[in-house]
Every structure is written in structure tokens, then in C-alpha cells.
Amino acid sequence: MTRFRSIFYLFLVLTIAFEILPSHADNAVPVLLWGGSVNSDLAISAVNPFLKTTSEEFDLFLRKKLENSPPVLLYVKDNLCIEDLVQHKEHLQKVVTGDSLRYFPAVEKAVNTVEDLPSYNQTYNDYVDSVSDGQLLIVPISNLDIIPETYKTIKDSSPNLIALLTGKSCSYRRSERIKRDTPGKDASKHFIVSSNRVLLYSSQPLSLKIEGKDEIQLPLKLTASDEPGTKKSSANLILLFNGTDANILKHKLVFMFEVKTAGYYTLKTINYSYYTSKNTPDNEQSLTTNIDIVFPFKFSYHCSQNVMFKKGSTVLKIADLQVQLDAQQNINNSTKAFSDAYDCVGFTTIPIWTGIFVTAILALIMIWGLAMIIDIRTMDRFDDPKGKAITVSAQE
């Protein structure tokens, strides 16, 4: 009963692997091995459906399993995948019941590894009744349904027979899961600033348009610092960027976070200036936005639209802005993370107004229709052929 339960668990794993295992490269195929001593320490164990076995690892396993040179029967199919084992599991259960069993979800160059066993004489023959010790019989097959009959014939004459089923390749192509490295900060196009108090994010580098110059993107490498604001709890974020041409040495942005209402931060103004010499800033301007950037303490602010701060022809554009003051650090590492965000999109958006407008029109049509139906008057008097004819005066 225990042996049958182990075999049942194997084919259950095969079924699960059919659903969740991405296919490996063409030289990685499943391998099913059974036979030999039932009490072998290499009998069936838990199978990881995502495990990929190299040819070297598979060779070490075979050398340990075949150290006494028992007879080996190798079934080779040109195209063999896990899906094939699942489809023919009923036929395969007939031959593996009662024998030690080992399953490898994906082995690199499995056929070549078995053929390169040094202590075996290879034989290619479809019609052999027995296999002697130290002999490797390779049987090419096109259908897995023929395995039970041929294996039973050879097993009767060779009790210590060990059988393997594998393929030369797998034609099912799916995307193999590859662990990707997290790109470095410099390789990312995202603009992230984390100072002592302010955490600022933009999905793209900050875009700046200066009077008389083309639009530029500020460098991702910068120097960030904080300074206290004019009121308690307010703060200023100072960003210094390297110059983008020969005439400008540095760009300077000062984000002014003010507390105009108790418990709420407001970002309305960004002071911009650039340096043509090392000490004196030039062209100082206060850029303002027409968007109400207001968010409460311990919350962040987010706007998926392009937020623009401008004065005259000088425009600073921030894409997908998210900002927070005094952000909390993650428990698992020392990086800061945004809290729940107040979004720039109001409660009544354009789609909501459109729905209300259409609903109102339909409601008016329905009310008008019901009023017309209620106002319909039916006849309350009818002619009697034996009596006097009904006369209707003009007043009625």
C-alpha cells in the first residue's frame, strides 16, 4: 500500500507540473527511472517540479545507482515532455507498480549521459527478450503505450532490470522563469530623492524649459539637502544638479513645503535658479502650479498627471509625482516607503459627471413619459342603441 501511494504521489506531481512548470530548454527533458532493488536508498522521494538537473548531476546519480552494472533498458522518444507523461500515466502505472522509482522533471542531455556510461556495452534492438548484466539496450519508441508489453517481456528474464524513459528534446516552448537582478539606481529612468525629511518620486527625470533654451532633462545624479521652513513643521527641499551645457554650471531647485492649514502640507512654489559662476546664482524665479498639492501629515501626495510649475516661459515638469514628508522606513530594510496617498484626481471626475448628466436626461424622459401616461383620459359614457343619442357640448 505504501509503494502504491508513493507512485500515486509521483503522478500527482506530474499533473501539477504540467500546469505550473515552464518548459526548459530543448536539451532539458524529463527522465523516469524504475526497476532494480525495491529496497534501494535511491527510491522515490519528494519531487521539486521546478528542479533542473545538470548532466553532471545526473551522471553522478547513474554511477551510484548502476555501480553493480545491472542490465539497463533505455526507452528513447524523439520528443518527450511532461505533458506526454501525464497523458500516458495510466499505461506507465502498469510497469512502475511495485518497483523503486525515481523521477527528474528536467535533465540536460539525458540521452547522451546514459549513452556515455563507460562500463556498459550498448545495443540497439527493438526485439530482445533479455538483457544481461553490463549491457545497455536502447529502444527507440514513438508511442509510450508500447512500454508495458516490451518491459514485461524483458523483466521476466532479467529480474534486476533497470528501465529509463526519456527523450531527445522537448518541442513545447514556453518562457523559462529567469531570476532578474534589480537594476541599479543609475540605470533606472525613475527620479527618486530621499533626504532627511522628504521622499520624492517621479517616473521620469525632471524636465526643465528655460527662456531662450531648448527643453532639457535634469540629471539623475544630484545633491539633496533639507532646511527648516518659515513656520513650524514646514520644510524646504534643496536639489542641486550639474549643469547641462557650457554656460550653466549648476541648476538649483528649492521645494517649499508650507503648513498653511493645521495638519496639512502645501506645495505651491518651487524656487529655481542656475549658476553661471561658482558662488552667485542667476535668474532666480518662483515657479508656481495651478494644482492644489495639499496632503495631511503622515500621508503622501500622488498625481499621475504631469504637474507643471511655471513662471513666464520657464516651466518645470514632473511626471507621475509622489511626495511625502517624514516617511517611515521599511521594517525589513532601511529604505523609506510612501504611506497611503492623497490623489490629485477629485471625487467627481469627468466620467462621473458624464454618468450623472446621462442619468439625469434619462430620468427626465422617464418622468415626462409617466406624466403623459397618467394624463390619458378614457371614455366614461357610451351610446345606447335603444335610447337617445349622446350629445357632447362644446363646454365638455
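In this report a residue is called buried when its relative accessible area is under 20%, exposed when that area is over 50%, and partly exposed in between, as found with a 1.4 Å probe and protein chains only. The structure is a predicted model, in which local features need pLDDT of at least 70, side-chain atom pairs count only at pLDDT 80 or more, and totals for chains, interfaces and linings use all residues. Residues are numbered from 1 along each chain as its sequence is written, and side-chain values use heavy atoms, with hydrogens and water left out.

**Salt bridges**

Side chains of opposite charge can pair when their charged atoms come close. The model holds 6 salt bridges, each being a side-chain nitrogen of Lys or Arg within 4 Å of a carboxyl oxygen of Asp or Glu. Among them are the pairs in this table.

| Pair | N to O distance |
|---|---|
| Glu-108 and Lys-52 | 3.9 Å |
| Asp-326 and Arg-197 | 3.1 Å |
| Lys-317 and Glu-215 | 3.8 Å |

Helices (H or I, at least four residues) and strands (E, at least two) are DSSP runs that are numbered from the N terminus.

The salt bridge of Glu-108 with Lys-52 links distant parts of the chain, since Glu-108 belongs to strand β3 (residues 101–108) while Lys-52 sits in the loop between β1 (28–35) and α2 (55–65), 56 residues apart. Glu-108 counts as partly exposed because its relative accessibility is 23%, and Lys-52 counts as partly exposed at 27%.

In the salt bridge between Asp-326 and Arg-197, both partners are in loops: Asp-326 is found between β18 (314–325) and β19 (341–343), and Arg-197 between β7 (191–194) and β8 (198–202), with 129 residues separating these distant parts of the chain. Asp-326 is partly exposed, with a relative accessible area of 36%, and Arg-197, at 23% relative accessibility, is partly exposed too.

Lys-317 and Glu-215 also meet in a salt bridge. Because Lys-317 lies in strand β18 and Glu-215 in the loop between β9 (207–209) and β10 (216–217), this pair ties together parts that are 102 residues apart in sequence. Lys-317 is partly exposed at 28% relative accessibility, and Glu-215 is partly exposed with a relative accessible area of 47%.

**A nonpolar patch**

Phe-357, Val-358, Ile-361, Leu-362 and Ile-365 make a nonpolar surface patch of about 490 Å². One of these residues, Ile-365, has its place in helix α7 (residues 350–374), and Ile-365 counts as exposed because its relative accessibility is 52%. Patches are made of residues with over 30% relative accessible area and no salt bridge, with like charges joined within 9 Å and nonpolar side chains (Val, Leu, Ile, Met, Phe, Trp, Tyr) within 5 Å. Accessible areas come from the Shrake-Rupley method with a 1.4 Å probe, and for residues only the protein chains shown count as cover.
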